[in-house]
Amino acid sequence: MTTAYPGALDALTNPTAADPLHSPSHSAQHANANDAIEAIQAELGVAPSGAYATVAARFTAEVAAPVTAHGTVGATETVSAATGLHTLTLDEALTLTWADLAAGRSWVLDFTQDGSGGNSITWPAGIKWAGGTPTLPTTAAARFVVQCYATGATDASVVGVYVGALS
């Protein structure tokens with residue numbers, strides 16, 4: 001069998017106890033599995049298609065995104081959607097803005113209230129909240145996480161999910 005991957009998924013048939021031993025033959029089963037494995041290796045291999053030179057580079061860029069430590073932020077802060085994880089300490093009411101929005105980007109915001117707490121966040125206009133607008137913790141030293149996902153390149157394309165309080 002010639003594999004259809006990566007253009008389509010292969011339809012490999014697993015023999016059952018009721019099938020004759022020659023349908024499909026043992027060698028055909030191996031050939032089918034080998035063709036599928038070779039197609040996966042050709043797609044991912046050491047030089048996968050796309051902008052990444054290796055599978056490790058692709059993984060690092062897409063899954064193990066770097067942390068941007070914003071430190072203690074003031075009244076305004078810009079967060080890049082191109083960076084996976086942002087840590088921010090609130091020491092006053094914060095107005096947040098986005099940069100580098102593009103469809104398919106996601107990022108995590110890890111907030112900590114300062115020792116006084118009571119700090120609020122004004123989100124970019126148009127953010128859509130999964131499950132409704134959350135009530136975020138404002139107690140001193142409270143830590144909480146928000147996940148964001150962009151479906152486009154505008155503020156109105158961002159979906160936010162309040163993950164929850166960590167402390």
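Which residues does Gln113 touch, not counting residues up to four places away in sequence? Taking contact as heavy atoms within 4.5 Å, Gln113 touches Leu90, Gly118, Asn119, Pro137, Thr138, Thr139, Ala141, Ala142 and Phe144.

Before going on, a word on the model: it is predicted, so local features need pLDDT of at least 70 and side-chain atom pairs count only at pLDDT 80 or more, while totals for chains, interfaces and linings use all residues. Residues are numbered from 1 along each chain as its sequence is written, and side-chain values use heavy atoms, with hydrogens and water left out.

Gln113 belongs to strand S5, residues 106-113, where strands (E, at least two residues) are DSSP runs numbered from the N terminus. With 2% relative accessibility, Gln113 counts as buried, the term meaning under 20% relative accessible area with a 1.4 Å probe and protein chains only. A polar atom of the Gln113 side chain lies 3.1 Å from the backbone oxygen of Pro137.

Let me turn to the sheet, in which two strands pair if DSSP finds at least two bridges between them. Here 3 strands form an open sheet in the order S2-S4-S6, with parallel pairing. S2 and S6 stand at the edges with a single partner strand each, so one side of each is left without a neighbour in the sheet.

S2, residues 76-80, pairs with S4 over 5 bridges; Thr78 stands opposite Thr97 in S4, and Ser80 has Ala99 as its bridge partner. On the other pairing, S4 and S6, residues 121-122, share 2 bridges, and the partner of Thr95 is Thr122. Finally, S4, residues 94-99, has a covered face of Leu94, Leu96 and Trp98, whereas Thr95, Thr97 and Ala99 make up the uncovered one.

Terms used. Buried means under 20% relative accessible area, exposed over 50%, partly exposed in between (1.4 Å probe, protein chains only). Helices (H or I, at least four residues) and strands (E, at least two) are DSSP runs, numbered from the N terminus. A polar contact is a pair of N or O atoms within 3.5 Å; within protein, one must be able to donate a hydrogen and the other to accept it, and residues adjacent in sequence count only if both atoms are side-chain atoms.
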